[in-house]
Amino acid sequence: MSVATQDHVDLSAFIAGVKRRNPGQDEFVQAVQEVAEDIFDFIQDKEQYHEYQILRRIAEPDRVVSFRVCWEDDNGAIRVQRGWRVQNNNSIGPYKGGIRFHPSVTESVLKFLAFEQTFKNSLTGLPMGGGKGGANFNPKGKSDHEVMRFCQSFMTELYRHVGADIDVPAGDIGVGAREIGYMFGQYKRITNQFTGVLTGKGLEFGGSLIRTEATGYGAVYFLQSMLENVGDGVVGKTAVISGSGNVATHAAEKIVQLGGKVLTFSDSDGFIYDPAGIDQAKINWVKAHKTKRRGRIEEYVKEFTGSEYHAGQRPWGVKCDLALPCATQNELDGKDAETLVKNGCIAVSEGANMPTTLAGVHVFKNAKILYAPGKAANAGGVSVSGLEMSQNSARISWKEEQLQALLIDIMHGIHASCVEYGGAAGTKHIDYVRGANIAGFKKVADAMLAYGVV
Ligand code: NDP
C-alpha cells in the first residue's frame, strides 16, 4: 500500500493544515500543536500510523453538534444561547467529558477540551473516549430558577445525543452538583430512564463518593509522585494556586493535608495572597463563599487580616516552591512561567485544562523543572467519573476508602506511564508533557488501527 501520505509532511505543514481547516479556532489549534510536537517525533519511524493517517484523523472530531438553547428569565424575557456537544473520539469507550457554562465558551474552546480529554481519558486506563460540551451561558447572577430553566432547555436537545453507552457528560466550569441535578432530572423526565447518563450526580441518585474532591486531590497526588521520583516531597513547601472553585479548593486542601503551605487563590477579577498560609478553616470559608454564596475572592481580605488582594492580576509573581494553575485555559503565559522559574519554583501541576500557553510550556520544558500537563495531572476527576459509571452499571456504591485507593492507584499509574514515555537515555529528567502525549495517544491510535478506516 502507498505510504506517501500527508502525515509525512513536516510539523509546520501539518499545523498549517490544521489552521486552514479550523479558521479562527485558536485554542483548538494550540491544543493540537502541543500534542503534535511530541507525537511527530514518536511516530517518525512507525509506518502504520502514517499509512492510516492516524494523526490527521485524531485531529478531526467524530462530530460536533451545535444547537439553540432558548429559556425565559425571571422577568419573562426570552433569552437565546448556543449549546454544543463535541464528540471527539470513542475508540476506547463511550464519549466522556464535562459540560462548561461560561460566556467564553466557543466551538474552538470545546474542541480543544474534547481533544485533550481523549488523551487524558486514555491515560486513566479506563474505557472512556473523549468529548466535551457546553454553552455560552453565564450562570453568575442568575437565580436558581433561571439556572434550572436553562439546564432543562439545554438537556431537551442534548438528550438525543447522549446515553450511558454513547456519551456520558459531567460538570466543568459553571456546572456543579446543582446543574447536574437539573440536567439529570430533565433527562429522566424526557426518556423515562434512570441510567448513568451523567456523572458528578448527587449521592442520593447515583453519584460517587469523592467525585467532588477527585480532580484537585488527584493533581496533588500527581505532584507528590513527581516530587517523590526525585527524592523530595510536599512537606514544608509553599504553593501558589489560581482559581477558587472546585479544583482549586480541593488541591489546596490536599496540599495542606500533606504538610504544604498554600499562599494564594484567585478568580476572574484578581487574586488574594495570604502570607500566613491558607489553612483548612480558611479553605472551608472560600468553598462556602464561592460555591454557596457565589461571592468574589476579593472579600477574603475582609475576613482574614494580614492578607492582600491584587485586582486584575494573576498570582504567578508570588514566590513559591510549587504552582498549581486551577482556574482556566491560557492563564499562565511565557512571562509568568519565566517569573515562576526565576523565583525558584520547582514543580508545576496543572489542575485546569491547558492553563499554560505554548510559550509557557516551552519555558518550563527548557528549564527542566517538574511540569505536569493537565491531561495527566487533572485526570483524577474523570477517573472517579469512570468509577461512577461502573458503579451505576453494576447498581452499587463503593465505599470512600475503596475509591480513595483506586484514585491514588490511577494517578500513580498515569505517573508511571508518563515516566515510561517521557524519559530519555542518559538523563534522569522526565518530560511529562511528552510522556502524557505519547502514552495517551498510543492507546487511542492502536484502537483506531484495529478498526481499519472508519
Ligand atoms: P469552577 O467553576 O468550580 O471554578 C473555576 C474557577 O476559575 C473560579 O475561581 C473562576 O473564577 C475561575 N475562572 C474561570 N474563568 C476564568 C478566567 N477567564 N480567568 C480567571 N479565572 C477564571 O470550575 P472547576 O474548578 O471545576 O474547573 C477549573 C479548571 O479545571 C477548568 O479548566 C476545568 O476544565 C478543569 N477541570 C475540572 C474538572 C472537574 O472535575 N471539575 C476536571 C478536570 C479539569 P470566577 O468565580 O470569577 O468565575
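**Strand 9 runs antiparallel to strand 10.** Four bridges hold strand 9 and strand 10 (residues 308-311) together in the antiparallel sense; strands count as paired when DSSP finds at least two bridges between them. Look for Phe-271, whose bridge partner in strand 10 is His-310. Strand 9 (residues 270-273) also pairs with strand 8 (residues 264-267), again antiparallel and over four bridges. Here Phe-265 has Ile-272 in strand 9 as its bridge partner. Strand 8 and strand 9 make a hairpin, with two residues between them. The model is predicted, with local features needing pLDDT of at least 70 and side-chain atom pairs counting only at pLDDT 80 or more, while totals for chains, interfaces and linings use all residues. Residues are numbered from 1 along each chain as its sequence is written, and side-chain values use heavy atoms, leaving out hydrogens and water.

**Strand 1 and strand 2 form a hairpin.** Strand 1 (residues 63-72) and strand 2 (residues 78-89) pair in the antiparallel sense, and 10 bridges join them. Strands here are DSSP runs of E with at least two residues, helices are runs of H or I with at least four, and both are numbered from the N terminus. Find Trp-71, then look across to strand 2: Arg-79 stands opposite. Five residues lie between the two strands, and Gly-76 in the turn has a positive phi of about 85 degrees.

**A mixed open sheet runs in the order 1-2-4-3-5.** Five strands make up this sheet. Strand 1 and strand 5 (167-170) sit at the edges with a single partner strand each, so one side of each has no neighbour in the sheet. From one strand to the next, the twist averages 20 degrees. Strand 3 (residues 95-101) runs parallel to strand 5, and four bridges join them; within this pairing, Gly-97 stands opposite Pro-169 in strand 5. Helix 5 packs on the sheet and touches strand 1, strand 2, strand 3 and strand 4 (130-135), where contact means heavy atoms within 4.5 Å. The direction of helix 5 makes about 150 degrees with that of strand 4; such angles run from 0 to 180 degrees between N-to-C directions of lines fitted to C-alpha atoms, for helices over the stretch in contact.

**A parallel open sheet has the order 7-6-11-12-13.** Again you can follow five strands, this time with parallel pairing. The edges belong to strand 7 (261-262) and strand 13 (370-372), and each has a single partner strand, so one side of each is left without a neighbour in the sheet. Further in, strand 6 (residues 238-241) pairs with strand 11 (residues 322-324) in the parallel sense over three bridges. Val-240 has Ala-323 in strand 11 as its bridge partner.

**Helix 12 packs against helix 13.** The axes of helix 12 (residues 334-342) and helix 13 (residues 358-367) come within 7 Å and cross at roughly 25 degrees. That makes the two helices roughly parallel (under 35 degrees; over 145 is roughly antiparallel, 65 to 115 roughly perpendicular, the rest oblique). Gly-334, Ala-337, Glu-338, Leu-340 and Val-341 in helix 12 meet Ala-359, Gly-360, Val-363, Phe-364 and Ala-367 in helix 13.

**Helix 8 crosses helix 16.** Helix 8 (residues 211-229) and helix 16 (residues 400-422) have axes that come within 9 Å and cross at roughly 50 degrees. Helix 8 is therefore oblique to helix 16. Among the residues that meet here are Tyr-217, Tyr-221 and Phe-222 in helix 8, with Leu-407, Met-411 and His-415 among those in helix 16.

**Gly-200 sits in a loop.** This loop lies between helix 7 (177-191) and helix 8. Leaving out residues up to four places away in sequence, Gly-200 touches Ala-177, Ile-180, Arg-211 and Glu-388. The C-alpha atoms of Gly-200 and Ser-244 are separated by 19 Å, and these residues are 44 residues apart along the chain.
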